[in-house]
Amino acid sequence: MDITELTEPGYEKVVRCVDRATGLLAFIAVHDTTLGPALGGMRMLPYASEDEAIFDVKRLSRGMTYKSAVANTGLGGGKSVIMGDPAGKTPELFHAMGRFVDSLGGKYITAEDMNIGIADLQQVKKTTQYVTGLSREEGGSGNPSPYTARGVVMGMRAVLEEVFGSDSFEGRTILIQGVGAVGQPMATDMKARGAKILVCDIDEKRAARFAEEHGFQHVPDLDHHKHEVDVYAPCARGAGVNDRTIGELRCKAIAGCANNILLEPRHGDELKAKGILYAPDYVINAGGIINVGIEVSPGGYNEAVAIERIDGIYDNLKEVFQIAREENIGTEVAADRLAERRLEAARQAKQEA
Ligand SMILES: NC(=O)c1ccc[n+]([C@@H]2O[C@H](COP(=O)([O-])OP(=O)(O)OC[C@H]3O[C@@H](n4cnc5c(N)ncnc54)[C@H](O)[C@@H]3O)[C@@H](O)[C@H]2O)c1
């Protein structure tokens, strides 16, 4: 196994690994460990070039620093990528990946991400202890989706309060795109709190069945964003707010679990100009990372502690909205500022200690 360190300004460590015996070619980026060890998922993709893989791992690791800083997980930001076709996975490949993760001595802790499942992480675990997100039986925190859903519901309270002056769901209309692992528990929880729920999904049958079972309104996925609702909750895919849709939105707020809801950062400014409140995706969808992060806290995984922290997403969003109001900036920019302030405060406290 050949591990080399790359020089990447602004990153604590970016390393490349080649293992000829197993065919592994992978990168780990540790962006920042000011707040704690760098936790972030491992993904596997057939990147067209090493430059593309390095660009992705750097971008994603930086995003994790910000996400964890705002979420108060006590963790830093990191990520790993394996270059290759997921169809070519072998146990040996993941044993080698585990040795690569292990070579950083705990500075980077891995988890699931795109094209990487529990079975792969179980192989990784054979050669390193720095793995999170395994099942409860294996000492992990298990499926993160219900925790992500809880976090979004808590964040939604802050959204409702900001827009309507009350965090009550009673009588509010909420449109959820994507009734998957996160969208479903969100929908049932918000209905129980008094909201009127509309659902859509590219899988129309799934949405129809789910709506029928729970008494939600099913709307077609095509042009769903044109519905007049209080909150639009994208919970399927990214880039739903783009040049085509933005002029057609008739909601008062956007708050969902999907990553990268805004196609481009400028769409955040355009939402602000239209008077639509945007709950930054990485702030409101942090329930899963908060939950998994508890695994590496001193006492190990504890669901009660996880839930208390996840419920803090309400406060985190309140803080983001306050910064946005006071500084007259978009909420996405405000979230980044909050992260940077927390990082700066931690750096100063370390220097003074
Ligand atoms: N699961 C988590 O803990 C978690 C955490 C943070 C962010 N997210 C993000 O939230 C989103 C949903 O996650 P999930 O775990 O519920 O996924 P999922 O795969 O369980 O569900 C996604 C649902 O969206 C639908 N869908 C997919 N593409 C669509 C499209 N183009 N148009 C309309 N519907 C579409 C699918 O049919 C499915 O029902 C993803 O973007 C994911 O990256 C999830």
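Q: How far apart do the C-alpha centres of domain 1 and domain 2 lie?
A: This is a predicted model. In it, the two centres are 31 Å apart. The domain assignment gives domain 1 as 2-64 + 76-124. Domain 2 is 145-287 + 313-340.

Q: How do strands of a sheet pair?
A: They pair through backbone hydrogen bonds, either parallel or antiparallel. Take the open sheet with the order S1-S2-S3-S5-S4-S6. Its six strands show mixed pairing. Strand S1 (2-6) and strand S6 (108-112) are the edge strands, and each pairs on one side only. From one strand to the next, the twist averages 25°.

Q: How many bridges join strand S4 to strand S5?
A: Six, with S4 (residues 38-45) and S5 (residues 76-83) running parallel. Look at Arg43: its bridge partner in S5 is Val81.

Q: Which strands does H1 lie across?
A: Strand S2 (13-19), strand S3 (24-32), S4 and S5. H1 runs at about 155° to S5.

Q: What should helix H1 span at 1.5 Å a residue?
A: Its 22 residues (50-71) should span 32 Å. The end C-alpha atoms are 31 Å apart, which agrees. Just after H1 comes Asn72, with a positive phi of about 55°.

Q: What is the strand order in the open sheet with parallel pairing?
A: The order is S9-S8-S7-S10-S11-S12, six strands in total. Strand S9 (217-218) and strand S12 (277-278) each have a single partner strand, so one side of each is left without a neighbour in the sheet.

Q: Where does Tyr232 stand?
A: Tyr232 stands opposite Ile254 in S11. Strand S10 (residues 228-234) and strand S11 (residues 250-254) pair in the parallel sense over four bridges.

Methods
Residues numbered from 1 in each chain as written. Predicted model: local features only at pLDDT ≥ 70, side-chain atom pairs only at ≥ 80, totals over all residues. Pairing = 2+ DSSP bridges. Helix = DSSP H or I, 4+ residues; strand = E, 2+ residues; numbered from the N terminus. Domains from an automatic or database assignment. Expected span 1.5 Å × (residues − 1). Axes fitted to C-alpha atoms, helices over the stretch in contact; angles between N-to-C directions. Contact = placed C-beta atoms within 7 Å.
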